[in-house]
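Subject: Handover of a structure and findings

Dear colleague,

Please find the structure below, together with its sequence.

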Amino acid sequence: MLSGKRIILGVTGGIAAYKAAFLLRAYQKAGAEVRVTMTPAATRFVGVETFSSLSKHEVAVEVFPENHAATESWTQHISWGEWSDLFVVAPCTANTLAKIAHGISDNMLTATVLAARCPLLICPTMDGEMYEAPAVQTNLETIHDLGYYLLEPDEGYLASGLEGKGRLPDVFKILDKSNQVIQKEKSDGPLSGKKVLVTAGPTREHIDPVRFISNPSSGKMGFAMAEAARNLGGEVTLIHGHVTIPKPYGISTVEIESAADLFEEVKKESDADVVIMAAAVSDFTPQEKKQQKIKKEGANTDLHLIRTQDILAWLGEHKKKGQQLIGFAMETEDLLKNARSKLEKKKADWIVANSISDPDAGFQSDTNRVHLINNRTNKEYKGSKKEVANRVLQKILG
Ligand code: CTP
């Protein structure tokens, strides 16, 4: 379950902070990628370098950029919050527990807790008397009511020399609980048990072995849709053209070249419960593809094109009962008019329309601004492509 997962490990200022280094290694051995955020107090117990060497990533401690490496920004807590699949605070002191329970965000760890979209697992670790204190017990209840996950501390010998409940549980218990949390989130998702097909990226229509007709689609929006569907519990197949972005984990991917290849692969998966056609499919292909490179001397400069299959329209014609069919529309003018006409002509349930003329939207951008439309709805969403993908999918799923 943890293989390929992205985990933020939050370390707070208690003596058990040293055990977080072993926890980090155990997550890595299970195949997870880990980034660490520490409270300033935690750095008094274990050096930042320990965690940055083990995680091979800068450790987030400071909120203010003058204290950061040049590459870091003011919004690091937001990007980490978006990046992660699970946020584990281990050990979590009574102080950080209280801050989380009350939404206080006065350091990088607590700010990232508020920004995170992933489940949060808290491992309260403190002296037994502190753990039993009414204020701590009330905060634990609040944490539970807020929907965060808790792993109770173990009983035994404590750093104070006393016996009691407050020890950080064994690494394998934390790993086990992390697995359970991820499993539970997946089976609770609205797409749990559902098949989702997503297409993304450009197609290439070859003229000869070294030349082709294509478009600048980066695949980012389609990949973001696939990841959003996976995060909501869907069993996702992503069919994509040539892209340079990394393949998302936990998603089965198929790479295609041309519109015809895409059509063949889409047909195989067309029984999916949700189909998202985010691919930028070429509408035309050369009538003839030359097997050898066309030499310029004496070449015929006319290029004869024929129409490709409109895959979304084919899906609209062959829709299975209850299937949600979502198309995209890329427009340079008359955005809503053209998108509505595509909705109707292609028999889609929804169209995600974006104007490639917008400076913060379109092919290569990391951000997007879209209108999600159907016969009754027209909602605008803007933000990072991941954010937009999440919100669009959640609206579609009601
Ligand atoms: N699409 C498709 N097959 C094609 C062309 C487009 O399935 N041969 C899908 C796209 O994946 C997208 C939707 O149709 O979901 C709209 O694509 P877009 O390029 O905006 O519009 P076109 O249908 O190509 O129409 P036009 O070029 O006239 O805008």
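Two residues are in contact when they have heavy atoms within 4.5 Å. On that basis, residues 24 or more positions apart account for 65% of the contacts in the chain with a separation of 6 or more.

Please note that this is a predicted model, in which local features need pLDDT of at least 70 and side-chain atom pairs count only at pLDDT 80 or more, while totals for chains, interfaces and linings use all residues. Residues are numbered from 1 along each chain as its sequence is written, and side-chain values use heavy atoms, with hydrogens and water left out.

Overall picture

The chain has 13 helices and 19 strands; these are DSSP runs numbered from the N terminus, helices being H or I with at least four residues and strands being E with at least two. Along the principal axes, the C-alpha atoms fill a box of roughly 90 × 50 × 35 Å. Of the 398 residues, 49% count as buried, where buried means under 20% relative accessible area, exposed over 50% and partly exposed in between, with a 1.4 Å probe and protein chains only.

Helix pairs

Two helix pairs deserve attention. Helix α1 (residues 19–29) packs against helix α8 (residues 171–188) at an angle of about 50°, with the axes 10 Å apart. Axes here are lines fitted to C-alpha atoms, for helices over the stretch in contact, and angles run from 0 to 180 degrees between N-to-C directions. The angle makes α1 oblique to α8, since angles under 35 degrees count as roughly parallel, over 145 as roughly antiparallel, 65 to 115 as roughly perpendicular and the rest as oblique. The crossing of α1 past α8 is right-handed, a term used if the near helix is turned clockwise from the far one by less than a right angle, anticlockwise being left-handed. On the α1 side, Phe22, Leu23, Ala26 and Tyr27 meet Val171, Ile174, Leu175 and Ser178 of α8. These residues divide into seven nonpolar, one polar and no charged; Ala, Val, Leu, Ile, Met, Phe, Trp, Tyr, Cys and Pro count as nonpolar, Asp, Glu, Lys and Arg as charged, and the others, Gly among them, as polar.

For helix α3 (residues 76–83) and helix α5 (residues 108–115), the axes come within 8 Å and cross at roughly 50°. That makes α3 oblique to α5. From α3, Gln76, His77, Ile78, Trp80 and Gly81 take part, and from α5, Met108, Ala111, Thr112 and Ala115. The contact of α3 with α5 has five nonpolar, four polar and no charged residues.

Cysteines

How many disulfides does a search of the whole structure find? It finds zero, a disulfide being a pair of cysteine sulfur atoms within 2.5 Å. The sulfur of Cys118 lies 14 Å from the closest cysteine sulfur, in Cys123, and is therefore too far for a bond. Cys123 is in no disulfide either, as the nearest cysteine sulfur, that of Cys92, is 8.3 Å away. Cys118 is buried at 12% relative accessibility, and Cys123 is buried at 0%.

Two further residues

Val48 belongs to helix α2 (residues 48–55) and is partly exposed at 27% relative accessibility. Beyond its neighbours within four places in sequence, Val48 is in contact with Met38, Thr43, Val59 and Val61.

Ile251 sits in the loop between β11 (235–240) and β12 (252–255) and is buried at 10% relative accessibility. Not counting residues up to four places away in sequence, Ile251 touches Ala226, Glu227, Arg230, Val236 and Leu238.

With kind regards
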